[in-house]
Amino acid sequence: MSHSTYSKLWSEAQEELSSLLTQELPAEPLRPERDRVVFFQRLATLYVRYVQIFRQLEEAFDQIVQPQKRRVIREVLDGVMGRVLELKNEMVEKEYSEYHYMDDVIQDLKLTPEDLEIPIPRYFISERSKVLRDRSKMLSNILDRLEKVDKPKPAGERTLSVEKAIKIIQVTERARQGRLRAKFMREIQRDQERQKKSKDRDLGKSAVDQAAVCIQKVLQVWKGFMQRKRTKQEREEEMIFLGMALDHDLPRPCTAAVVAEDTKSRRRTKQEEHEEDYQKSVISITNSLREVEGPDMKETMKDQIRQWFIECHDATGSFPDYPEEEDGGSSLIFADKTPQQLMEELAAKEEEETNKKPKGKEETKDKEKKQKLQGEEEEEEPGLMMLPSAFLSELQKGQKTFSEVWQNRDESKNFIQRHEAELIKEEKRKKIEAEIRLQVDELMRQELANWKLAMGGEKSGKAKATAKKKKASKSGKKKKKDKDLTADRTIESLYQELVEQGLLKPADNVKLQDYIGDYSYLGTTLRLTDIEPMPSLSDVRQVIALYAVLPLGSQVVHEKAPLVKATLLVGPSGVGKKMLVHAICQETGANLFDLSPSNLVGKYPGRNGLQMMLHMVFKVARLMQPSVVWIGDAEKMFYKKIPKEEKELDPKRLKKDLPKILKSIKGEDRVLIVGTTNSPLSADLKSLCKLYTKIILIPRPDYASRYVIWKQLIQRNGGVVTSALDISSLAKISDGYTQGHMVRVVQSVLTERRIQQLAKRPLVAAEFVSPLARIDPVFQDEEEALKAWYAKTPLGRKRIKAASGIVEDEAPKKGGKEAKKKGKK
């Protein structure tokens, strides 16, 4: 696509964003909404619309070449991402569920379920490509060195055990007998062929009638075969035309798709070229502005400040106090105000500072009365209100920049979409003015002091300012810093040690889109009948993108959005929990630290060793962020009763120290703890929920997901899906089996020999049934046990109370009777 197409996509997203901002920030504040359903509908509509803007802006940012436009889009894109996370958090708090079903909203906005898919911004990886390459090279070098050390030396003599020797003899003997048998069979076939030929010679020529009948039979069979083939082909073409079947040539990309991908890659290379050119021109323009316009700016500022001194002296009879840097310095003088107005403002500020101190008990009583009145007003209007947002101000700023600078800008002459020098000058001129103003302020303060001394020895306000600064510095409390146990070591040495100990591992090359799953089409219907549906794999994929990928990928989003420090993935074995952990690392370029109980056996023994290990892991995780700390078999850390066979392994080793470290993780630390478990029932629920703020239940795949999984797995492993393969029946038969089971079955069926036979013998569903029957499925009892366990978690309990209507009834009581009782006491 062209430059104008992506610019149009950007402008459409900004128009939609402006309409949303007018809705979210009205002139008069909205009244609280009493109906929870109506309020959630409003939240869901905003969420869906913001996701659409997110998709458009991500596509525009990935392909727009102009560097100054990209900076504006990036700010808005981060703001929209943060707002999506805020709305998701609010929906979870209002509906008491991690999964939401918005079929009615999708239908009203004329969208498809695919439009709700959360995109992963490509700049997460592209902007850090050099760092990630260097890090992967360092990791591979360390692993190669470890493999060379661990490889055993080749032994001089190879000794075999008696059992292995007997097995080898048996295999060779069976092979010899098979060859002999094949030789005998070939000789028997040759004898039979000789006998047939001799009989044909004896019979002579067949009758003419018999020959004609044979020819007619062959013709009829051939005509029937060709007609059936033609009918089958026409039926397949019709189904492909209607969109009810896929073309067999689809796996091969068409020429248009290849050309489009090449164009996109060329645009990305142009982005890098234009960015380099932009950075060079920024340096050159700032230097030229500082050399050419800097001296003039300095002189004009001095003249204006001197003129202000004279005007103030003429108006008041004395020279004024110079404004402090905290108040803005000389920028207050350039605000187009008269000297008297400026003096009045400075005097008013001084009065405000003196009046800040409380005068006595009367003021405290007045404040208490006001708070009580405010509380009564809040009680009068109960209802649900939107939580304050940290991103709406940024979105407003980005919208203002777009409307003022880019919306009506004529770019007919800038066909190549390079940077515009005038915009750089406008931006840098302000920064240079601020730099020069600080220098001028220092000079003019000294000059004002000299003027005052010359006119009669007036004292300047410099001493007061220094006193204020000293007082302010005394008031600030010093925070205690944690002791650095590895202050004398470099980050590279710590990284190497963690790799050697097996605590830092390379992530598997899987993406979040490889976690295949379809949309839950029955979610809304089941909720209308008061049945809580099990989430689909598509819902799980979206929740992982929102809670893990987006915050880890963007520093701005992680600092301001609702903070998620630890997430627990719960589900039966084989549903892809470990795959999701690796996908998070691949999508964000994060390091993967493995603190699973089985991986810590025999490493860093003792109390001091444990503290050193955790210190090293989280120090490297913070300094080389983003990072993911994976804890496999998370239930072992919180065992109710440790099994006898695991007592020596000490699975509860991290139980006390890990929650303490979790508290130290802040918004600027892009570190996420991800736990995975398939048997949470054996753990203490309270302590598990204290560590993991988000618990995501991953179910076995439903029918729609199984249908898509079977199709994708067969095609990815070299198979061909034809009409002979009934995938619908296969998806129905495999109810209760997980994705891991399906992968094992497909790999066992599609061997190299079977793939070579596909042209003559296409795949049939019956081939997958027998290996599937040998595997035990996830039974209904296990799934029900997991659902019952999840209902005991904090969010699950809230969901049950909300379904029974307890939460809605309790809300007004807490503000009413209990508050009055406290007031009487």
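Tutor: By class, the lining of the second largest pocket holds 22 nonpolar, four polar and eleven charged residues, where Ala, Val, Leu, Ile, Met, Phe, Trp, Tyr, Cys and Pro count as nonpolar, Asp, Glu, Lys and Arg as charged, and the others, Gly among them, as polar. The model is predicted, so to speak of local features a pLDDT of at least 70 is needed and side-chain atom pairs count only at 80 or more, while totals for chains, interfaces and linings use all residues. Residues are numbered from 1 along each chain as its sequence is written, and side-chain values use heavy atoms, without hydrogens and water.

Two or more lining residues of the second largest pocket are given by each of helix 2, helix 3, helix 4 (103-108), helix 17 (523-528), helix 29 (780-790), helix 30 (794-804) and helix 31 (806-824), helices being DSSP runs of H or I with at least four residues, numbered from the N terminus. Helix 30 supplies the largest share of this lining, with six residues.

About 1,700 Å³ of space lies in the largest pocket, and of the 45 residues that line it, E58, I120, P121, R122 and E587 are the closest to its centre. The elements that give two or more residues to the lining of the largest pocket include helix 2 (36-63), helix 3, helix 9 (255-292) and helix 24 (703-716). Helix 2 gives the largest share of that lining, six residues, and by class the lining of the largest pocket has 15 nonpolar, nine polar and 21 charged residues.

Helix 3 also leads on to a helix contact. Residues Q68, K69, V72, V76, G79, V80 and R83 in helix 3 meet L392, E394, L395, G398, T401 and W406 in helix 13, contact meaning heavy atoms within 4.5 Å. Six nonpolar, four polar and three charged residues make up this contact of helix 3 with helix 13.

Key
On a 1 Å grid over the protein atoms alone, a cavity is a set of points where a 1.4 Å probe fits but cannot get out, and a pocket is an open set with protein on both sides within 12 Å along at least five of seven lines; lining residues have an atom within 4 Å of a point. Grid points are joined across faces, edges and corners, and a volume is the space filled by probe spheres set on the points.
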